[in-house]
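Today I am opening a new model and noting what I look up, one entry at a time.

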Amino acid sequence: MSALLSVQDVAVARGGVALIEGVGFDVAPGTALVLRGPNGLGKTTLLRTLAGLQPPLRGTIAVDPEILTYAAHADGLKSTLTVAENLTFWARVHGQPEIDAALAAMNLRSLRDRPAQNLSAGQKRRLGLARLLVTGRRLWLLDEPTVSLDTASVALFAGVVRDHLARGGAAVIATHIGLGLEQEARVLDLGAYRARPPEQGGHRGSFDEAFA
Ligand SMILES: Nc1ncnc2c1ncn2[C@@H]1O[C@H](COP(=O)(O)OP(=O)(O)OP(=O)(O)O)[C@@H](O)[C@H]1O
């Protein structure tokens with residue numbers, strides 16, 4: 001089956017500095033790619049680039065923007081709206097009819113009427129991840145999705161990702177922890193793609209991406 005995302009010889013930069021270069025991979029339906037690498041290497045920058053929030057320095061990214069959704073570090077919740085209202089808002093944005101399955105999947109049913117501002121950090125994160133399910137999008141780009149989650153919630157979320165893949169979805173996930181997705185996920189160690197500094201022939205980024 002053809003890839004949902006195809007990346008060829010991509011280089012990315014942040015703040016005018018090239019971070020990663022020569023990255024290439026395909027992500028097929030039913031599979032996940034786990035991005036690994038030390039802090040500051042450029043995992044977030046690569047995900048932002050895949051999401052179309054900034055252009056690559058070089059290379060090609062083939063993806064239909066209509067099929068992807070990007071879950072960044074920030075939860076992006078509306079603090080005065082309840083759990084159910086937050087999800088309903090996002091479901092309507094994406095033309096999805098209901099939120100009950102998403103509430104159940106991330107164990108949020110008992111919290112449905114609580115304002116987002118009164119949730120714990122882990123509960124907020126669960127709500128942020130439940131939002132993925134009401135987008136109806138096939139390709140999930142996830143930046144450290146398990147931050148603040150306890151062990152049970154990590155397992156819950158791993159199950160949600162597994163179900164998404166089983167339905168023909170796909171995911172690219174920057175994470176430092178194991179999600180127990182060894183069957184479905186490949187691991188890409190981005191350390192091997194660290195950009196050379198300019199004095200060694202590497203590229204400088206432009207200021208366009210710095211403010212993108
Ligand atoms: N807005 C910005 N302007 C300039 N430089 C930035 C900006 N945001 C991040 N950087 C720098 O870009 C580099 C890559 O950051 P990025 O967040 O992509 O790394 P990461 O691999 O996701 O790290 P972590 O594992 O800590 O989340 C870092 O050196 C960081 O300090």
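**Entry 1**

Buried here means under 20% relative accessible area, with exposed over 50% and partly exposed in between, using a 1.4 Å probe and protein chains only.

**A note on the model**

This is a predicted model, where local features need pLDDT of at least 70 and side-chain atom pairs count only at pLDDT 80 or more, while totals for chains, interfaces and linings use all residues. Residues are numbered from 1 along each chain as its sequence is written, and side-chain values use heavy atoms, leaving out hydrogens and water.

**Entry 2: the sheet**

Next I traced an open sheet of five strands, ordered β5-β6-β7-β3-β8, with parallel pairing. I stopped at the edges: β5 (68-71) and β8 (185-189) each have a single partner strand, so one side of each is left without a neighbour in the sheet. Neighbouring strands of this sheet are turned by 15° against each other on average, direction ignored.

I then looked at β5 and β6 (residues 139-143), which run parallel and are joined by four bridges; two strands pair if DSSP finds at least two bridges between them. Which residue of β6 stands opposite Tyr70? I found Leu141 there.

Helix α1 (residues 43-50) packs on the sheet and touches β3 (32-36), β5, β6 and β7 (170-174). The direction of α1 makes about 155° with that of β6. Axes are lines fitted to C-alpha atoms, for helices over the stretch in contact, and angles run from 0 to 180 degrees between N-to-C directions.

**Entry 3: the whole protein**

I counted six helices and eight strands, taking helices (H or I, at least four residues) and strands (E, at least two) as DSSP runs numbered from the N terminus. Of the 212 residues, 47% count as buried. Among contacts with a separation of 6 or more, 71% join residues 24 or more positions apart. Last, I noted that the C-alpha atoms fill a box of roughly 55 × 35 × 30 Å along the principal axes.

Notes:
Contact = heavy atoms within 4.5 Å.
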